[in-house]
There are 2 protein chains.
Amino acid sequence: MTRKPVLLLAFLLQFAVAAQAQQEPLDQQMVERIKQEGLQNSKVMETAFYLTDVNGSRLSGSSGLKRANEWTKNKLEAWGLKNARVEEWGEFGKGWEYEKSYIAMTAPYYQQIIATPKAWTPGTNGLVKAQAVLVNVEKEEDLAKYKGQLQGKIVLTPLSREAKTTFEADARRHSEEDLTKMAAPAEQNANGGQNRRSEEWRAMMALRAKVAEMVKAEGAVAILNSSGRGGMHGTHFTSNGAPYAKDAKPGLPELEMGLEDYGRIVRLLQAGQKVELEMETKTRFLEDDLKGYNVIAEIPGTDRKLKNEIVMVGAHIDSWHGSTGATDNAAGVAVMMEAMRILQELGVKPKRTIRIGLWGSEEQGLHGSRGYVKKNLGDPATMKLTKDHEKFSAYYNLDNGTGRIRGIYAQGNEAAAPIFEAWLAPFHDMDAKTVTLRNTGGTDHLSFDALGLPGFQFIQDPIDYGTRTHHTNQDSYDRLQADDLKQASVIVATFVYHTAMRDKKMPRKELPKAKPAAL
Amino acid sequence: MTRKPVLLLAFLLQFAVAAQAQQEPLDQQMVERIKQEGLQNSKVMETAFYLTDVNGSRLSGSSGLKRANEWTKNKLEAWGLKNARVEEWGEFGKGWEYEKSYIAMTAPYYQQIIATPKAWTPGTNGLVKAQAVLVNVEKEEDLAKYKGQLQGKIVLTPLSREAKTTFEADARRHSEEDLTKMAAPAEQNANGGQNRRSEEWRAMMALRAKVAEMVKAEGAVAILNSSGRGGMHGTHFTSNGAPYAKDAKPGLPELEMGLEDYGRIVRLLQAGQKVELEMETKTRFLEDDLKGYNVIAEIPGTDRKLKNEIVMVGAHIDSWHGSTGATDNAAGVAVMMEAMRILQELGVKPKRTIRIGLWGSEEQGLHGSRGYVKKNLGDPATMKLTKDHEKFSAYYNLDNGTGRIRGIYAQGNEAAAPIFEAWLAPFHDMDAKTVTLRNTGGTDHLSFDALGLPGFQFIQDPIDYGTRTHHTNQDSYDRLQADDLKQASVIVATFVYHTAMRDKKMPRKELPKAKPAAL
């Protein structure tokens, strides 16, 4: 008898473990079918080719984005998805695109320059030849020095970074150590330093605005700058140089450049050499349609009780304008479309409706997904929720470049974590196994998370996202890793399928409080 | 007694070793003074700044090279060197430079392109808009397909490489293992493979020439190409697209591009998309002066018997035209000039005359150094030698980029190797210690070696020479490693000093046979 209670306990423990494991069912047969279709018959690179090479960049409000919206809608429809539509999310502002970009140094000698017009800046008045001037304003009093000095000039400011040769590779994958760290709870940082930095940052931005105002008032013809982000060898970050609001005042023509070309001009000016530049940029504002759009399509649910419940995948379809936005985020769009194609191709009959959302204007503040959420699910400012809020299961996002999926951020949702563990089990041999409770930010799952809805983003290998491609003029098709995108498509398809088939909706975190200020 | 002979032998051996070590004197005090001046008061980066940023590219026959010749001559003179002069080496051919370079894709959408005109190609007739056409000629019969198809078109050929993301760093240093390998005798390769490859290469070049002829005859407006060398992210190799001989016929306008921009156009054409480009290039031939020049200056010898003997340092001053030729070879020029400056500044009184030669037109076939050698030392075709041949001690060259010196190629000169070992002894702690008997080629020491004269090139850390800078549009000032160039200047100065002071000239290899054909 003495051993009986021990045996019983052992039995109960075994049962509990088994129950835990069984608790989250895994459709191994469907996983295999998805792998087969996604790895053997993949169309993910073909989709990415059309989104990048054929379509071009997809800046908010540009004709490139309009083309991509139409193309993706038509493609999803052609694959057999239902209710495919380009759907307005609200007012964005002015569209913008550029039609010519040329700049070179013409004295002390001719040297071509790699540069991109900043978004929403005007073009030059034809081909302009002008002297370069270095404006160095460290405090407001310095502004006076440039009175009467800038008429007809092209203005640069001192460099904050050097283009130092690096002995590290641009591209890398997460190591086991990286992933173990990521799986551990995030360290809590005291916030004092950050507040101080924010204050400094605000002061710097205020001074910069005054410099820009002065430079324009003094009659300069253009501004050049280099953030130093985006890498070396002429690779440069591209961003906006002026607001896109419909009533925003136009600034000066402004170009973003790589550190090498920029640094050469600054060094020459600092050494007292005269530098002459010639430049010609043509840009175009599109003001006929100020609205913003998302692309939506779905595989309808088939269960009588659950078909009105929604599982979503999504990725933003807009990009910056210096290249074709391959890793930010044609990669995410191509993978999410491919996940839908795989499920459609396999003829799955999901209990819940599976919907894809390709978001507009993520780059300017998650506008597309926020607009969609506000229209359909509720307002995070008031926490006034729609009745579809109750019917929403989960949203899965992909927006960290071309790298394969290594796991998922459970975004503080403790009940979701073991479910994800179970769903990742078949992918350990494909490098995906990490579930972290940590939050990750900066992209569209936040729009859902803000309403207390399960919104998740996957962990991806960084490859060269942070060093070379994110927002740069080199974010082109060549940077896509085909095998990684195939792997990601397969994993996303299985996650969505399991979410659509499980008995219950995905567990939720506590409902957040109303946030009258914007997120 | 039995042990006496052994003791004697041991004594003799010890003596021999000591004699060997003592045989090559080392002026430790001078080494320290050179280190002090070269590391604490270095001007090597200032020299490099003027050669690159201030002067610009230095293509053979260009005004950039003329400026650099004048500037270096004046600088050497200002430092106190004697007999500084820009000295003709012979006839080069036409000079060439470009004054505008612009190209972009305008359909299916606007996308700017990073590209450089190939040297010695003509410019376009103003701004040209034209359709891109892919010409795929694998055998001569394929030429007929393009009859009547190319009028007014811009021609591309299929890509031989993809712009694959690499997980290795662009920049690296030699490991101990690399250096150990390098110090071992070179492996002898059977030459069959190479001969076969040469034949294939000749056949390919012949077919290419026919394609170029056909493309021009058919009335195409320009040719684009991408060798795929020089790296990624728009970085591209720059070379010549037409001969520079004074009577050479002009080809078509031709641009070199990075793999990404080129690959995008090729992929679009292969997918049946129409691609329209606009381009404008202005180039200029300089035919007033067909001669080529070297820059020469010296620190005269002071020993009555030895002052007519010559020790030389040198590096080529010409570059390609896509950037400012920083690592190829402003680096070498700046280091060699700095070595001279250090010795001059220290007021050394060398027994032999120390001369610097900054060679023109190395990039087109070591023309400057060959011309100098032929005029002053002898003709390798006939092996008719001048009487200065006898008075020549050694030549030291630097032309492998910005990396610090890790040792020296003794170029098969077995008697020179232990001398170099002795001279490197004080620099083991500065990473330089390897002497290899191996030959290295591709640069100006070969011009001296061809006459049986001791001509040496140093072993340098590769940094990003092979991956990013060598002949590319990104070979700019930023790629220079200041600490490496200082180290190299100091080592070169001590080598030259010791060569100028030793009792005998440097030992020579056997005199080569006459080589009626060019090397």
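The model is predicted: local features need pLDDT of at least 70, side-chain atom pairs count only at pLDDT 80 or more, and totals for chains, interfaces and linings use all residues. Residues are numbered from 1 along each chain as its sequence is written, chains are lettered from A and ligands numbered from 1 in the order in which they are written, and side-chain values use heavy atoms, with hydrogens and water left out.

The structure holds 45 aromatic pairs over all chains (rings of Phe, Tyr and Trp, the last by its six-membered ring, with centres within 6.5 Å; planes under 30 degrees apart are stacked, over 60 edge-to-face, the rest tilted). Two are tabulated.

| Pair | Centre to centre | Plane angle | Class |
|---|---|---|---|
| A:Trp359 and A:Phe448 | 6.1 Å | 50° | tilted |
| B:Phe420 and B:Phe495 | 5.5 Å | 25° | stacked |

A:Trp359 is in strand 12 (residues 353–359) and A:Phe448 in helix 11 (residues 445–449) of chain A, so their pair ties together parts 89 residues apart in sequence; helices (H or I, at least four residues) and strands (E, at least two) are DSSP runs, numbered from the N terminus. Both A:Trp359 and A:Phe448 are buried (under 20% relative accessible area, 1.4 Å probe, protein chains only).

Definitions and conventions: Buried means under 20% relative accessible area, exposed over 50%, partly exposed in between (1.4 Å probe, protein chains only).
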